[in-house]
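Here are some exercises to work through with the model open in your viewer. Try each task before you read its solution.

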Amino acid sequence: FPDVDFTDCYMNPIMRKSGLTPDQLMRRQLYSLIRPGQTMDPHKVNVIGNNPRMAEDGDLVRMLRGAGWTVQDIYDMPTYEDYQTMGTAAWNISWNPAAKPAGDMLEQKLGQQHLYLPNSYGYKEIRMTLDEAAGRCGIASLNHEAEITACEEEIAKAKETVGTTTVWIDYTATNRPLSLARLLLTHGFRVETVFLDSVSGVEKNDFDWLKEHAPDLKLMATVHPKMRLLPREQEEKILAIGQKAAYFANTPYFVNIVEDDGQYGYAGIRAMMRQMAESLEKEKDTRALIQIKGLGCGVCV
């Protein structure tokens with residue numbers, strides 16, 4: 001079948017402790033069929049490796065498009081030939097840690113430059129990543145002071161609504177649950193529990209900070225067998241960020257997103273604050289929502 005392109009992608013759970021994880025492999029192989037040798041546009045960039053569509057008001061997208069660059073995502077490729085045009089971009093940007101191997105593979109295979117810019121909820125780290133991207137691409141960065149001021153205003157509004165409500169966070173809602181916990185704690189939110197199965201390298205500084213400044217914060221591994229035996233009834237109202245946190249808390253008040261909902265940077269902070277406030281004011285049908293996965297999932301599609 002010379003007109004058919006094939007690639008391999010294995011879901012091998014018994015080997016998941018060595019080499020790439022199934023998640024990393026899937027995100028990498030998704031782009032493995034892009035053909036090399038295409039003429040590249042130096043002002044075109046692909047955002048790769050995300051499940052949710054990139055947010056149009058995300059910091060990187062605004063910054064690049066404001067400089068006249070073309071920013072595209074696999075969501076913008078309705079046909080296989082459209083998908084192949086991703087090979088005409090001179091740059092690839094990834095911010096999900098699981099997507100980094102995809103960017104490294106494309107840099108080696110196609111010669112596209114790869115910018116790995118992890119998302120964050122910390123102002124200092126956001127400034128550093130945006131300035132790095134701007135410097136590498138030869139464009140102006142965002143006005144950090146204005147962006148931070150807008151974030152602080154949105155955080156204050158959310159704090160008025162959330163008040164002293166207990167907050168639980170899980171790693172499916174954001175790739176940086178500890179960074180988010182740190183931001184919320186430093187602004188007076190009552191974060192009690194974070195659900196995550198491991199601490200990624202990009203979160204080490206946040207982990208160390210939380211260990212010193214929030215020693216009572218609970219870190220819970222969702223894969224631990226005893227998690228299925230935990231009581232689901234809570235005596236207090238809980239605002240969950242993520243479906244796993246909502247499940248373990250058995251709460252109808254939760255932010256129903258995965259992987260930051262495609263948001264990034266300062267804009268991501270503001271979007272999270274708005275969603276926290278909205279989620280606390282309106283109940284959701286937790287059982288009906290969190291069992292919906294894959295095609296047809298309103299979170300991802």
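## Exercise 1: the core

Find the residues that touch the most other members of the largest nonpolar core, and list the contacts of Leu 184.

Solution. This is a predicted model. Step one: the largest nonpolar core holds 57 residues, and the ones touching the most other members are Leu 184, Ile 241, Met 273 and Met 276. Step two: take Leu 184 and skip residues up to four places away in sequence; what remains is Val 167, Ile 169, Phe 189, Val 191, Ile 241, Met 273 and Met 276.

## Exercise 2: positive phi in a loop

Look at Glu 259 and Asp 261. Where do they lie, and is each one buried or partly exposed?

Solution. Begin with the backbone. Glu 259 isn't a glycine, yet its phi is positive, about 50°. Asp 261, also a residue other than glycine, has a positive phi near 60°. Now place them: Glu 259 sits in the loop between strand S9 (254–255) and helix H10 (265–281), and Asp 261 lies in the loop between S9 and H10 too. For the last step you need the cut-off, with buried meaning under 20% relative accessible area. Glu 259 has 14%, so it counts as buried. Asp 261 has 30%, so it is partly exposed.

## Exercise 3: aromatic pairs

How many aromatic pairs are there? Work out the geometry of Tyr 80 with Tyr 83 and of Tyr 123 with Tyr 266.

Solution. The count is seven aromatic pairs. In one of them, Tyr 80 and Tyr 83 are stacked, with 5.5 Å centre to centre and 20° between the planes. Both tyrosines belong to helix H3 (residues 80–84), where they are three residues apart, about one turn of the helix.

Tyr 123 and Tyr 266 make a tilted pair, 6.3 Å centre to centre with 35° between the planes. Tyr 123 is in helix H5 and Tyr 266 in helix H10, so this pair ties together parts that are 143 residues apart in sequence. As for burial, Tyr 123 has 19% relative accessibility and counts as buried, and Tyr 266 is buried at 0%.

One more thing to pick out is a cluster: ring pairs link Trp 168, Phe 195, Tyr 247 and Phe 248.

## Exercise 4: an asparagine in a strand

Which residues is Asn 92 in contact with, leaving aside neighbours within four places in sequence?

Solution. First locate Asn 92, which is in strand S3 (residues 89–94). Then check its accessibility: at 0%, Asn 92 counts as buried. Last, list the contacts beyond those sequence neighbours: Val 45, Asn 46, Ile 48, Leu 106, Gln 112, Gln 113, His 114 and Leu 115.

Key
Residues numbered from 1 in each chain as written. Predicted model: local features only at pLDDT ≥ 70, side-chain atom pairs only at ≥ 80, totals over all residues. Heavy atoms only, no water. Core = buried A, V, L, I, M, F, W, Y, C linked by side-chain atoms within 4.5 Å. Buried < 20%, exposed > 50% of the residue type's maximum accessible area, 1.4 Å probe, protein only. Contact = heavy atoms within 4.5 Å. Helix = DSSP H or I, 4+ residues; strand = E, 2+ residues; numbered from the N terminus. Phe/Tyr/Trp six-rings, centres within 6.5 Å; stacked < 30°, edge-to-face > 60°.
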